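Please keep the structure open while you read this note.

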Amino acid sequence: MPDPFSDQPGQRLYRTGDLVRYRPDGAIEYLGRLDHQVKIRGVRIELGEVEAALRQQPAIREAVVLARRDGPGGARLVGYVTTDPTPPFDAAGLRQALAQTLPEYLVPAVIVRLERLPLSPNGKVDRRALPAPEVEAPRTQAYAEPTTATEQQLAAIWAQVLGLAQVGRHDNFFELGGDSILGLQVITQAKEIGLSLTPRHLFQQQTVERLAAVVNLESPAMPAIQAEQGLVSGVLPLTPAQHWLFEQQLSEPHHWNQSLMVTMSEAPDQARLACALRWVIERHDALRTRFDLSNGLTARIEAIVPCEDLLLSVDLSQVSDQELAAAVSNEAERYQQSLNLEQGPLFRAVLFDLGPNRPVRLLLIAHHLVVDGVSWRILLEDLEQAYLAEEGSALVVPPKTTSIKQWTEAAQALAESGYSWVSWISGPNRTGRRIVRCRLMIRRENGRKPRRRSVTWGSVGKRRKPCCGKRRLPTGLR
């Protein structure tokens, strides 16, 4: 739209669809969306598109979709429908039907049948009055106790990840509220006890019984990951996402970060916590990455973990309750601005001492070039395990998997052997989600024109400015 605030002709503004208001101090406060657009795990979703797909299904009369944050895995889509009396309502079958036309991230994790949708006084659907889905997802069949040792192990993992009291051998992972992100947690925990799984296994064998059979048959044949178990260091190629970020020529590229504010129920041993942080940085090589921005874009992983500033401490014990929130926010902003792509660090921990009657807070900051939303759960679990380990004892952890250096070198070798980057293109896909695609050219030896295809690498602008989410640390470090 034309920019009404500009004196230069032809200037334009972009309609974001955000609902905001000016506060008395001049700041802009975000209130929500005007178009029911939501963001779940970095993916922008138009709820209207999911609602339209639900209404197209047989026997569905009305449909509303919400993004709720009361499930075991955080934010998830929940569908509410009213149906015809016949045939009987089948939530699992409805999800399977939606999966035929919608991508996995658009299929609601739970679908709730209501007699009628709640309405506001003006006759519109009252979304705030829609009930929360049951914590225990309704079972499609009677509970059957796991029989084999593998079934019992898998059922225990599912119950822990999904936050359920028990899981039966015939229960369906996705009908119980599971999704692809929770599936990764299942796979990780299964590997820790010697069960080798892949996402394909979980999507194809969705019950404990069927998944256990696949594990028993295929685990011995699973190829071992050939990964360096020591400190990985040296120069490495940039990933496609890193290339994209630097091409944006951001005014503050050092400030593109993510953060978590962890509330702790008791003050930790700072020396022990610093040792745990050092172990995490040693284990996750990408956290030691540095970038050369002056003489061509290159990346390198440092071989030495810096001893200084592993854990910074901020004393706010004398700050009043009325001024505490602003003081914490100011200090957090200051340390978020302290990341440096060239000199480091790209990962930082800050401990806030708020006084004897207020809980200690731990701020973890990481640049978005070395961490994403999925990485945080892994980092927190590793940090907790390292902190709780007995002093002087060796940590028992699974082997390190493919490092970022090994992955980028393999990707570059693949490109040099027959694939080449042609161009980056950015634009909305058919769902309206803004995406980045990297176009590949596949070389052919017979002289014909090379064939091009586009590969989606991820959404644009997942976090254009610092974010600070609050959560409680898992049991043991709180």
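1. Start with Ala132. Ala132 sits in the loop between β7 (110-113) and α3. The model is predicted, so keep that in mind throughout. Is Ala132 buried, partly exposed or exposed? Its relative accessible area is 46%, and Ala132 is therefore partly exposed; the limit for exposed is over 50%. Now look for Val112. Ala132 and Val112 are 20 residues apart in sequence. In space, their C-alpha atoms are 9.2 Å apart.

2. Stay in that loop for Arg127. Arg127 is also placed between β7 and α3. Its relative accessibility is 22%, so Arg127 counts as partly exposed. The cut-off for buried is under 20%. Which residues does Arg127 touch, leaving aside neighbours within four places in sequence? They are His36, Leu47, Glu51, Val64, Val65 and Leu66. Take Val65 from that list. Arg127 and Val65 are 62 residues apart along the chain. Their C-alpha atoms are separated by 8.9 Å.

3. Follow one of those contacts to Leu47. Leu47 belongs to helix α1. At 4% relative accessibility, Leu47 counts as buried. Beyond four places in sequence, Leu47 is in contact with His36, Val38, Val65, Leu66, Leu77 and Arg127. Leu47 and Ala67 are 20 residues apart in sequence, and 8.4 Å lies between their C-alpha atoms.

4. Next, a point on backbone angles. Most residues other than glycine have a negative phi, and most peptide bonds are trans. Ala59 has a positive phi, near 75°, and is not a glycine. Where is Ala59? Look in the loop between α1 (47-55) and β5 (60-71). Ala59 has a relative accessibility of 22%, so it counts as partly exposed.

5. Now check a peptide bond. Thr86 and Pro87 are joined by a cis peptide bond. Omega there is about 0°. Pro87 lies in the loop between β6 (74-83) and α2 (91-99).

6. One more loop residue is Ala27. Ala27 is found between β1 (18-22) and β2 (28-33). With a relative accessible area of 26%, Ala27 is partly exposed. Which residues does Ala27 touch, not counting those up to four places away in sequence? The answer is Arg21 and Tyr22.

7. Turn to a helix pair, α3 and α4. Helix α3 covers residues 149-162, and helix α4 covers residues 180-192. They pack at an angle of about 140°, with their axes 10 Å apart. An angle over 145 degrees would count as roughly antiparallel. The pair is therefore oblique. The crossing of α3 past α4 is right-handed. From α3, the contact uses Ile157, Trp158, Gln160, Val161 and Leu162. From α4, it uses Leu182, Gln185, Val186, Gln189 and Ala190. What kinds of residues make up this contact of α3 with α4? Seven are nonpolar, three are polar and none is charged.

8. Compare that with a second pair, α8 and α10. Helix α8 runs over residues 270-283, and helix α10 over residues 373-388. Their axes come within 8 Å and cross at roughly 130°. These helices are therefore oblique to each other as well. Again, α8 passes α10 in a right-handed crossing. On the α8 side, the contact is made by Arg272, Leu273, Ala276, Leu277, Trp279, Val280 and Arg283. On the α10 side, it is made by Leu379, Asp382, Leu383, Ala386, Tyr387 and Leu388. The residues of this contact divide into ten nonpolar, no polar and three charged.

9. Finish with the whole chain. How many helices and strands does the protein chain have? It has eleven helices and 18 strands. There are 478 residues, and buried residues make up 41% of them. The chain exposes about 26800 Å², and carbon and sulfur atoms supply 50% of that area. Consider contacts between residues at least 6 apart in sequence. Of these, 62% join residues at least 24 apart.

Notes
Residues are numbered from 1 along each chain as its sequence is written. This is a predicted model: local features need pLDDT of at least 70, side-chain atom pairs count only at pLDDT 80 or more; totals for chains, interfaces and linings use all residues. Side-chain values use heavy atoms; hydrogens and water are left out. Helices (H or I, at least four residues) and strands (E, at least two) are DSSP runs, numbered from the N terminus. Buried means under 20% relative accessible area, exposed over 50%, partly exposed in between (1.4 Å probe, protein chains only). Contact means heavy atoms within 4.5 Å. Accessible areas come from the Shrake-Rupley method with a 1.4 Å probe; for residues, only the protein chains shown count as cover. Axes are lines fitted to C-alpha atoms, for helices over the stretch in contact, and angles run from 0 to 180 degrees between N-to-C directions. Angles under 35 degrees count as roughly parallel, over 145 as roughly antiparallel, 65 to 115 as roughly perpendicular and the rest as oblique. A crossing is left-handed if the near helix is turned anticlockwise from the far one by less than a right angle, and right-handed if clockwise. Ala, Val, Leu, Ile, Met, Phe, Trp, Tyr, Cys and Pro count as nonpolar, Asp, Glu, Lys and Arg as charged, and the others, Gly among them, as polar.
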